[in-house]
Structures are given as structure tokens and as C-alpha cells.
Amino acid sequence: MSEPTSPAANLETVVYDNRWASNFVIATLVWGIIGMSLGVTIALQLAFPAANLDTPWLTYGRLRPLHTNAVIFAFAGNAIFAGIYFSLQRLLKTRMFSDKLSAFHFWGWQAVIVAGVLTIPFGFTSGKEYAELEWPIDILLAAVWLAFGLNMFGTIFRRRERHLYVAIWFYIATWLGIFMLHVGNSAVYPVTLFKSYPVYSGIQDALVQWWYGHNAVAFFLTTPFLGIMYYFIPKAAERPVYSYRLSIVHYWSLIFIYIWAGPHHLLHTALPEWAQTLGVAFSIMLIAPSWGGMINGLLTLRGAWDKVRESAVLKFLVAAVTFYGMATFEGCVMALREVNALSHNTDWTIGHVHNGALGWVALLSFGMIYWMVPKMYKTKLWSEGLANLHFWLATIGVATYAIAMWIAGVTGGAMQLAFDENSRLVYTDWMQIVNAIMPFYWVRFSGGCLFLAGMLLCAFNIWRTMANAAKLEDDVVLVPALMRESRAVSVEIDKALREEGLGKKTNALHDLVERWPTALVGLSVVVLAIGGICELVPTIIQGAMTPRIASVKPYTPLELTGRDIYIREGCSVCHTQMIRTLRAEVERYGVYSRAGEFIYDRPFLWGSKRTGPDLAREGVNRPSASWHYLHLEKPRSVSQGSIMPNYPWLATNDMDLSSLSRKLQVLASFPMNTPYSDSEIRGAVDIAKAQAKKIAAELRQDAHFKDMKDLENKEMLAIIAYLQRLGTDLGKSEKAEAAK
Amino acid sequence: MSNFTPTSGDSIDQERSHAFDGITEYDNNLPRWWLWMLYISVAVAIWYVFHFHFWTGVLSKADVDDWLIAKAKEVVVAPVLSEDDLRKLSNDPTRIAAGQALIPSKMCMTCHGPTLTGLIGPNLTDKYSIYGNSMTEIVKSLTEGRMNNVMPGQAIHKMTSDEIISVACYVANLSRAGEKPGMRPQAAKEKEDPIKY
């Protein structure tokens with residue numbers, strides 16, 4: 001279909017910038033290889049713990065966050081920018097707003113990721129999932145995001161195309177959503193350059209975190225890729241988009257509903273029940289908007305299915321959209337309370353997230369890259385055959401991964417919940433559960449290897465394609481200049497509005513919004529913000545009013561030190577600290593966790609995966625210091641077949657108490673107001689040392705520790721103090737009540 | 001026709017008049033089944049809220065609370081058995097078999113070795129004992145735990161008092177059966193007098 005141009009239109013020359021889009025593609029491939037290699041490494045470590053070589057920065061707890069960051073922000077992030085930089089210019093018929101901003105955006109983003117690589121494995125982490133970067137890097141990230149926004153909105157401002165195409169709506173939502181989430185979730189109070197405490201605590205922190213975590217999936221892994229889908233599928237298939245009306249309805253409903261669904265990550269926890277219910281209800285409603293995107297993508301291919309057989313690009317795109325449909329359906333199912341009781345904290349969740357990350361995000365990115373690189377380099381793909389091979393490796397890889405994790409998750413979940421006829425736990429020993437799912441850890445590892453192999457083929461193929469091409473040049477095209485608005489517009493729309501049929505009325509109204517970016521942005525902000533405001537504000541208020549439990553006291557200086565070591569080592573990627581309100585969990589771990597127990601937890605450490613057992617009441621269930629010492633030093637010495645990493649360095653590292661007073665001072669200041677007295681703050685180090693001495697004395701009663709010198713200065717004592725404290729405060733109140 | 005006007009008519013596959021970088025869009029109606037999916041999911045979501053918060057649905061917290069109350073009522077205080085009673089029980093083959101059946105699932109072997117001849121924990125098959133040769137002490141080891149719960153107590157292995165008795169009967173019989181080659185008795189710790197029952 002030809003562009004409608006009026007005879008008066010002047011033609012203008014536009015030069016589309018290919019350089020930065022191409023750089024983003026290269027970065028996607030490089031980080032993809034790194035991120036997926038990390039994934040394969042930690043998958044191996046779960047099946048074979050010795051693979052961490054007992055090296056602190058190679059242990060599972062530290063590499064897993066690096067893996068998630070590398071895949072989400074580095075691989076998917078760069079893919080998003082590649083897609084946006086390529087399509088935005090062409091959809092708006094103008095060059096990117098500023099080459100300088102493009103350069104800043106590109107290098108700034110890579111700097112954020114490199115900073116992550118240089119901090120996360122070394123234990124500098126906020127401890128919040130998918131937001132592990134410490135505060136200075138968070139600030140850099142915000143600056144880069146602003147630059148990206150400026151570049152994108154500047155381009156929109158200078159467009160030669162009155163209407164914004166649906167892909168661009170999704171890009172706008174992406175920018176807005178991530179900005180809002182990042183700023184909202186990163187409210188921390190710095191202690192040192194690489195340590196901070198969040199201003200929220202306990203259930204507030206949990207809800208803010210999962211408002212962030214869930215919607216990072218929405219606005220970093222869904223909306224930008226839907227935008228990319230809306231550009232690359234019709235381009236690659238050379239078919240019109242199936243339904244414009246569906247685009248409208250599913251755009252607005254998606255961004256409205258998504259935000260509300262965050263609490264489905266916190267079902268059966270101490271989060272207020274009304275918030276949990278809202279999370280489930282909106283998750284149920286999320287299926288239609290999600291599938292709206294899927295069917296609009298798939299139905300666009302009507303009449304082009306024969307092309308799918310031939311083209312690797314289309315195969316990737318079709319498979320990606322299909323995985324999107326499956327993953328979103330799976331997500332809605334997992335959000336139901338009953339299913340969640342089983343699936344939560346298990347490998348099923350891991351499988352689910354990889355359906356999305358590998359099946360949807362990665363496959364779509366590959367399809368996009370295979371299509372756009374030859375276009376930009378004005379050449380052909382080096383090897384179509386290799387791309388086809390990549391497609392099969394990737395698809396079989398994800399499928400293997402997903403099936404293995406699904407079986408492991410259901411098995412593990414069912415074993416955790418299983419009761420015998422006397423309503424007592426069938427599997428009391430955690431190792432029974434670990435052993436049952438071990439074979440599937442190996443299967444998952446092999447699935448990951450297949451996917452990584454495909455990734456390597458892709459990088460090689462693209463590298464050859466780029467190398468074979470002549471120099472990368474910008475595209476020069478002639479396009480009609482944007483005409484000044486005429487009054488006729490409103491007359492036309494007026495007429496359209498008076499036409500019969502709801503469909504046409506909405507179309508006409510939406511036409512107005514599309515040609516007026518400020519309105520599109522403004523409306524999107526409102527729609528995006530509603531869910532967050534309705535859930536966060538009451539929870540923060542309710543959180544502030546969480547019924548105090550008199551016996552719940554702030555952590556002692558030594559326990560706080562131990563807690564920060566727990567965060568540094570990433571124990572919370574394998575251990576939860578949240579006994580859910582389920583019979584089996586109460587039976588296994590003790591009375592369920594109360595909101596009031598977490599008011600001093602900054603950040604909250606409820607976790608999301610139980611590779612090991614819950615530790616919320618570890619102090620009650622395993623008070624023994626010597627057991628913890630032996631176990632942490634070498635888990636397999638007391639727990640045969642355990643897959644927990646060894647932590648020998650905790651027994652040899654001296655505790656770092658240098659910033660302890662400052663930590664207490666920060667926690668005691670506004671708005672955290674933890675009740676530490678001035679003398680506690682000033683004498684924090686001495687108080688910590690005195691407590692360490694006590695634990696050392698307890699340990700020395702045991703022959704094994706009798707002759708150990710310098711025991712009281714080791715990090716081990718701090719983390720033992722923390723573990724011994726966990727969950728004990730509540731019991732103190734029960735005892736106090738009994739005494740009365 | 002100017003470039004923003006939707007084409008008229010609802011008929012299938014009508015292209016809108018506008019193209020973006022060559023991409024056109026059909027003005028197709030929303031697929032009917034998709035609309036139904038939307039309506040039904042909204043209805044279910046509303047039902048869900050009412051079901052759990054106003055109608056008969058039971059939230060898991062209420063369920064656990066009720067269950068705990070019911071359990072508290074059910075608890076029968078296990079009779080405190082005398083040493084003599086315990087020894088009598090320890091000759092009952094069904095008891096011994098029941099105890100033996102429990103061992104593999106209760107982690108004992110991780111610490112006492114695959115044949116219970118000692119590893120981190122002491123040899124359970126020899127004639128010596130750290131805590132004195134009485135059934136009462138074995139039951140106590142298993143109920144309260146030893147060494148600050150390195151030897152796990154009831155809080156960790158979660159056996160009922162009755163099951164503990166069965167396991168104790170089995171352990172006592174291991175000693176009776178005589179010494180199996182294993183770890184040497186922990187001379188410094190274990191009492192000299194060999195088992196009497």
C-alpha cells in the first residue's frame with residue numbers, strides 16, 4: 001500500500017542511523033553469550049556443587065543474581081534498544097533525535113552492566129531480586145534511562161509521521177513503566193559507597209519489591225518485545241497487522257491490569273490478604289490482554305504460513321509468540337492460590353520464567369536480529385542453514401528446560417506438602433526432596449547447554465554476516481515532510497465519532513490520541529499508576545501500622561553483621577524466610593510468619609526459591625552453633641548429598657566491623673527509626689564482640705572447636721548469631737504471655 | 001480520504017488507509033472468542049474476590065488457624081513410661097520393625113553412618129553408650145536432642161512420641177545384637193559399663 005501523499009508535500013531526505021542499532025545488536029550477542037554461560041554454570045552447580053571450585057565469587061548465591069541481571073538487563077536490554085533504535089526511526093521517518101545521546105545511551109548502559117559484573121559477584125548487592133545493583137549504579141542507570149527517554153521522545157517530537165504506530169505505544173509504556181518502577185524500588189539510604197538499606201521494611205519492602213519485580217517482567221520483558229513484535233512480524237511476513245482494534249484494546253488493558261498483579265508473588269504470606277486477593281484477581285484478568293498480543297501476532301501471519309517453512313526469521317518469531325502465549329497462560333494458572341501453594345518457591349517458577357525469557361524474549365530477539373542485520377548491512381545472512389539449526393537447538397533447549405523444571409517443581413512442591421494419613425509430613429528430611437529432583441537438574445543443564453550452543457551459532461553467523469558486508473552505512477531515504485495540521489482533521493474525526501458502531505467510535509477517538517503524544521503519554525501514566533497507587537499506598541500505611549509484637553526487637557550489632565553477610569553471600573536465592581499459612585509449612589517449620597516479625601528487616605529476605613529449606617525459624621529449629629559451623633564450612637559433612645555450597649571462608653575471614661556504628665546510625669535515623677539507643681550506636685563494635693565471645697565459648701565446649709584460636713573474630717560467628725536469632729522473637733512473646 | 005480515517009464497514013480484512021514504514025493494519029473486529037475470554041476472566045476475577053472475602057471461601061490463614069486449634073484439642077499426652085515398661089516394649093518384634101522402618105527417612109544414617117556404626121554421631125551398634133545404658137536415656141536423646149540439637153531432637157525430626165519409642169526399641173536391639181565393626185567407642189565419652197538389658 002502506498003503512502004498517501006498530497007501533491008503539495010515536499011520530499012525531504014532522511015538519514016536513518018544504523019550505527020547504534022548495530023552496536024546494540026553486537027552488545028546483545030556478547031552479553032547473551034556471557035549471561036547464558038553464567039546460567040549454564042549455575043545450573044551445573046545445583047547438580048554438582050563442587051563446580052564452584054570453593055571460590056567465593058563463583059558460588060551459586062553470588063552468580064545467580066549476576067546471571068539474572070546479565071540476561072535481563074544486558075541481553076534483553078540491548079536487544080530492546082537495538083529493536084527500538086531500528087524501528088523507531090523508520091516508523092517516524094526521522095533520524096534518532098541526537099547521535100550524542102545515542103552514544104551516551106549505548107556506552108552508559110554497557111557501563112551499568114560492567115559495574116554490575118564488577119560488584120555483584122564480589123558481594124556488593126542490595127539483596128533485592130532483579131534490583132541487586134547498589135545505589136551508585138542505580139543512579140547511573142536512572143541517568144542512562146533518562147538519556148534514552150530524551151532521545152526517544154525527541155525523535156517522536158521531530159517525527160514526519162503524524163500518527164504513532166502501535167509499536168511506539170509499547171515503547172512509550174516501557175520507558176514510563178521502568179522509570180517509575182526503578183525510582184520507586186530504589187529508595188534506599190546509603191551507608192557506604194557499596195552498602196545501603198531500603199527505607200521500606202518487612203511487608204512494605206516485600207510489596208514494593210514485587211510490584212517492581214513483577215512489572216519489570218511487564219515493562220522490560222513484555223511491552224518492549226510486543227512493540228518489537230508489532231514491527232518485525234508484519235515486516236518479515238509482509239502482511240498487514242491482523243487487527244488495529246485489538247491493538248488498542250490489548251495495549252490499554254495490558255498496561256492497566258499488569259501493575260495490579262504483583263502480590264501474586266506473595267500469596268499465603270504475611271502480606272495483608274486483601275492485597276493477595278487483588279493480585280490473584282488481576283492475574284486472572286491478565287490472560288485476555290496477554291493473549292490479545294499473541295493472537296494479533298499469530299493472525300498477522302495468516303496467508304504467510306508457507307513463508308514460515310522457509311524463513312528462519314519467521315520461525316523464530318512464530319515460536320516466540322507461541323511461547324509468549326503459553327508462558328502467560330501458565331502465569332495466570334500459577335497465580336491461583338491453590339496452585340501457588342504447590343508451585344511457589346519451587347523449580348516450576350524457574351521453568352516459567354525461562355519460558356518467558358528464553359522462549360519469548362530470546363527467540364524474538366534472535367528473529368529480529370537475523371532480519372535486521374542483513375537489512376542494515378545491505379547483504380544476505382551468512383548462513384540460513386545455521387540460523388535454522390539455531391532455531392531447532394533453541395526450541396528443543398527451552399522445551400527440555402521447561403519440562404525438566406516443571407516436573408522438578410511439581411515433584412518438589414508436592415513432596416513439601418505431602419501429608420500421610422495421620423496428617424504428618426511424609427518427607428521430613430529436606431534431602432529426600434533434593435534427591436528426588438536431582439535428575440531433572442541434570443536434564444535442565446543439558447537443555448541450557450543446547451540453548452547456549454544455539455546462541456553461539458547465532459553470534460558466529462551474525463559476525464560472519466557483518467564481516468562479509470561492505471562498511472555499515474546509514475540508510476538514506478526520501479520521505480514527505482509532515483504537513484501542518486488542518487482544521488479538517490477535527491471535522492473528520494467529528495464525523496467519525498458520530499458514525500455507527502462502538503468500534504468505529506473508539507478508532508476515531510484513538511486516532512486523536514495517537515497523533516498527540518502528550519495525550520498518549522499522559523493517559524498511559526495515569527493508567528499505569530492506578531494499580532500501584534491502589535495497592536502500595538494502603539500497604540505502606542498498613543505496614544506502618546503493623547501490629548507491633550512486643551517481643552520483636554531489632555537485630556543486635558553482631559546479628560546485623562551476620563545478616564549483611566547472609567545478603568552478601570546470596571543465601572536468600574536458595575533459602576526463603578517466610579513460613580506460609582499452609583498446614584504443611586506450619587508442620588515443617590513452626591508457626592507461620594507474622595507481619596510484625598519483619599518490621600526491622602531491611603531489606604526483607606523472604607526469598608522466592610527453596611532450594612534449601614525455609615530458615616524463618618532456624619533459630620528455633622536448630623539452635624546449635626556447632627551444627628551451623630560444621631554445616632556452613634562444609635554442608636556435606638553433616639548433611640549427606642547436600643547441594644549447598646561450602647563456605648570455608650566464613651571460618652577464616654575476619655568480621656568487618658568498620659561501618660557497624662554507621663549502619664546502626666543509619667537504621668536509627670528518619671524514616672527508618674529503628675529503636676537503637678545512642679549508646680548502642682556508639683558501642684556497637686564492643687557489643688558485637690561481646691556477643692561473639694559468648695558464641696565462641698559455646699562452641700569451645702565442643703572438642704572440635706576447643707583449640708581454635710581467634711574464633712570470636714570470624715565472620716562465621718556473626719552469621720551463626722543471625723541464624724540463631726531467626727524466628728525466636730515470637731516464641732519469647734508466647735512465653736511472656738504464658739508467664740502472665 | 002485523509003490518512004487518519006478508519007475505513008468504513010466491519011467486513012473482514014479491510015485495510016486501514018495508513019501505512020507505517022510499509023506496515024498496514026486491518027481494521028478487523030476483536031475476535032469473538034477473545035472477547036468472551038475477556039468477559040469470563042473478569043467475571044471469574046470478581047467472583048474470586050467475593051468468594052474468598054464475602055462468601056464461603058476459606059483463606060489459607062483461617063484454615064491453618066482452625067487446624068491448629070483442632071490439633072491442640074486432639075493432643076493426647078503420651079503416657080510417661082517407666083524404664084521397665086520401655087524394656088518390655090523393646091522385646092516386641094512389631095515395635096522393633098516399626099522403628100527400623102523409620103530410620104531411613106529420619107536422617108539417622110547421615111550422621112551415624114549407613115550401618116549406624118558411627119560417623120559424626122557415635123556407633124549405635126556397640127555395647128557402649130554415652131548417656132548410660134537405659135531406654136529412658138535413648139528416648140531422651142531422641143526427644144530432646146543432644147549436644148544442643150546436633151543430635152536432633154523431636155523439634156527437628158518431628159517423630160511422634162510413639163515413633164520415638166519404636167526407634168528407641170530398635171536402637172536398643174542393635175546394641176543387644178552385639179558389636180558390629182565400626183567406629184571405636186568414644187573412649188573419653190562413653191560409659192564403661194556395657195549394655196545390661
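Two strands are taken as paired if DSSP finds at least two bridges between them, and helices (H or I, at least four residues) and strands (E, at least two) are DSSP runs numbered from the N terminus. In this predicted model, strand S2 (residues 188–192) of chain A and strand S3 (residues 195–198) of chain A run antiparallel and are joined by 4 bridges. The two form a hairpin, with 2 residues between S2(A) and S3(A). Within this pairing, Tyr189(A) stands opposite Tyr197(A) in S3(A).

Residues are numbered from 1 along each chain as its sequence is written, and chains are lettered from A and ligands numbered from 1 in the order in which they are written. Local features need pLDDT of at least 70, side-chain atom pairs count only at pLDDT 80 or more, and totals for chains, interfaces and linings use all residues, while side-chain values use heavy atoms, with hydrogens and water left out.

The domain assignment divides chain A into domain 1 (11–479) and domain 2 (557–739), the bounds coming from an automatic or database domain assignment. Taken over C-alpha atoms, the centres of domain 1 of chain A and domain 2 of chain A are 34 Å apart. Contact (heavy atoms within 4.5 Å) involves 62 residues of domain 1 of chain A and 54 residues of domain 2 of chain A. Together these domains bury about 4,800 Å², with 63% of it on carbon and sulfur atoms; buried area is the accessible area (1.4 Å probe) that two parts lose on being put together, summed over both. Of the area that domain 1 of chain A buries against domain 2 of chain A, 16% is supplied by Tyr197(A), Asn345(A) and Trp430(A), more than by any other three residues.

Salt bridges (a side-chain nitrogen of Lys or Arg within 4 Å of a carboxyl oxygen of Asp or Glu) number 3 across the interface of domain 1 of chain A and domain 2 of chain A. Asp564(A) forms a salt bridge with Lys195(A), with the closest N and O atoms 3.2 Å apart. The elements giving two or more residues to the side of domain 1 of chain A that touches domain 2 of chain A include S2, S3 and helix H16 (430–468) of chain A. Elsewhere in the list of charged pairs, Glu569(A) and Arg62(A) meet in a salt bridge (2.8 Å, N to O). This pair links distant parts of the chain, with Glu569(A) in helix H20 (residues 557–569) of chain A and Arg62(A) in helix H2 of chain A, 507 residues apart.

Turning to the two chains, the contact takes 74 residues from chain A and 64 residues from chain B. Chain A and chain B bury about 6,500 Å² between them, 60% of it on carbon and sulfur atoms. There are 6 salt bridges between chain A and chain B. One charged pair is Asp27(B) with Arg245(A), whose closest N and O atoms are 3.1 Å apart. Helix H9 (residues 273–285) of chain A gives the largest share, 7 residues, of the side of chain A that touches chain B.

Some backbone details complete the picture. The peptide bond from Arg602(A) to Pro603(A) is cis, with omega near -10°, and Pro603(A) lies in the loop between helix H21 (583–589) and helix H22 (618–621) of chain A. Another cis peptide bond joins Phe670(A) and Pro671(A), with omega about 0°.
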